[in-house]
Amino acid sequence: MTPHYITTPIYYLNGAPHLGHVYTTLAADVLARYWRLAGANVKFLTGTDEHGSKVAQAAAAAGEAPQAYADRMALIFQDMTRKINASNDVFLRTTEKRHHEAAQALWKKLEAAGQIYESVYAGWYATRDEAYYDESEIVGGKAPTGAPVEWIEESSYFFRLSAWERPLLDYYEAHPHAIAPLSRRNEVLSFIKGGLRDLSISRTKFDWGVMVPTDPAHVMYVWVDALTNYITALGYPDENSSDFQTFWPESLHLLGKDILRFHAVYWPAFLMAAGLPPPKKIFAHGWWTCDGEKMSKSLGNVVCPFNIIEKYGLDPFRYFLIREVPFGQDGSFSEAALVTRTNSDLANDLGNLTQRVLSFIYKNLDPQIPVPGDLSENDRELLASAAHLEQILFTDIDNQALQAYCQHIWEVIRKANCYVDFEKPWSLRKSTDPQDHKRVETVLYVLAEVIRHVAVYTQPVMPDSSSRILDQLGQKDRTFASLKTPLVAGTTLCEPVPVFPRIEQRD
Ligand code: MSP
């Protein structure tokens, strides 16, 4: 199976982690967990982007030296990955020595290839975005993102980005799925077709960055250093390292739509200019608003992910973020929507199904998975929909269709609930006919088998809750491959405890 290298952006340390950071990390986590369960070789990278004027200013505002500030803030971001149960294999900090070495090696490669020249930059810069803007992009004295801009004039090294216009267009022509969703790909293509100008890639006005290896008066533009993190984590500049050999360019970069240009234009151009292949896929997701309004500190409506987790639990929060909005589109966060979603999908649909079935087996059937009798058409149909999930979910994940991944599992859950209503095992059990009793065992076997499938497939989204269901079902092997073997009758169940309590709605 192809190896999977899944990355999040590395996060700026200028403030506490917010919903945006949590969202990309979570989406990457779902994909990484899925591929591991599918048996693939996976590397999941996240980390922090610690250089640049934005972080330097935040450190100054906190009255701390940049390195001390970065050390303190990086711990908070590392803690965020634990709080959301992210299974990242690497947490990379750009202040690490290995990263400085990688960024400098890439720079030297670009320089040796004649891709860098020295000149003077005179133009607009927005520290909030860590981005340069053309005069034509400035609207009412601000960047198109609304960020304040300042005029800077300084000696700078430039990267010959203009030379990569054609190669980038050719590359994307030949690789139609390299940028997703499609609307984002079109955006990137029209940006490139609009003409690329050489890019200023060093600064002299401050020194909080990776030093330009050939000129200590300059530090690298923070995006040059930051983007390199994706190969630092694979052992670059050692291109023969086993990680680099295995995982580059098998990468899937996940990021928000606001930083697509850096990833889909600058990064592949740097790589191609250094003689390296561009990343295999770049997926840009949308932005969360709060109750339909842009989240901002000044509006005081910034969602604190950790308060939400504390209030409603981690897995309902993870499920909500993945299920509520098609991955790639914008979404509106609200606690009311989270409560509704949790109660309907988790407490009612999945919670009731597992609780009813497992308690029935526990109380009435020894407590062991019963031996099924002959299967009816109805039994076969339900089992077949659970078995078909394998292919359907593979396609969803391959397309990063995370919402569809949940929807497809829930279609099976709803079918199983209809099956319970139709088969009525509770009333059958009261019958005095032994044939009815055998039928009860068959129905409960079928249901337990469907619950096993569902819980195995919900693991990437809700690792803890799924594992509790699988514990109760007495299942040890939880890989996707384990589903190839039918559920073993006679397996002893553990006492069922409800996994998804209802959230009482307050007015
Ligand atoms: N440091 C750069 C990335 C460098 S990657 C080589 C950066 N950091 S960031 O901390 O500002 O942003 C990280 C991510 O958070 C971006 O992908 C951005 O899209 C995302 N989000 C910020 N606010 C968001 C929402 N309200 N909703 C969803 N994601 C949002 O950019």
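Contact here means heavy atoms within 4.5 Å. The model is predicted.

Ser 200 sits in strand β8, which covers residues 199-200. Its relative accessibility is 3%. Buried means under 20% relative accessible area, so Ser 200 counts as buried.

Which residues is Ser 200 in contact with, leaving aside its neighbours within four places in sequence? They are Tyr 121, Tyr 132, Ser 156, Tyr 157, Phe 158 and Tyr 221. Polar contacts join the side chain of Ser 200 to the side chain of Tyr 132 and to that of Ser 156. The table gives their distances.

| Side chain | Partner side chain | Polar contact distance |
|---|---|---|
| Ser 200 | Tyr 132 | 3.0 Å |
| Ser 200 | Ser 156 | 2.8 Å |

**A three-stranded sheet**

Strands β9, β11 and β10 form an open sheet, in the order β9-β11-β10. The pairing is antiparallel. β9 (202-203) and β10 (211-212) stand at the edges. Each has a single partner strand, so one side of each is left without a neighbour in the sheet.

How many bridges join β10 to β11? Two bridges do, and these strands run antiparallel. β11 spans residues 215-220. Within β11, Asp 215 is the bridge partner of Val 212.

**The helix across the sheet**

Helix α4 covers residues 97-112. It lies across β9, β10 and β11. The helix runs at about 105 degrees to β11.

How values were computed: Residues numbered from 1 in each chain as written. Predicted model: local features only at pLDDT ≥ 70, side-chain atom pairs only at ≥ 80, totals over all residues. Heavy atoms only, no water. Helix = DSSP H or I, 4+ residues; strand = E, 2+ residues; numbered from the N terminus. Buried < 20%, exposed > 50% of the residue type's maximum accessible area, 1.4 Å probe, protein only. Polar contact = N/O pair within 3.5 Å; in protein donor to acceptor, adjacent residues only side chain to side chain. Pairing = 2+ DSSP bridges. Axes fitted to C-alpha atoms, helices over the stretch in contact; angles between N-to-C directions.
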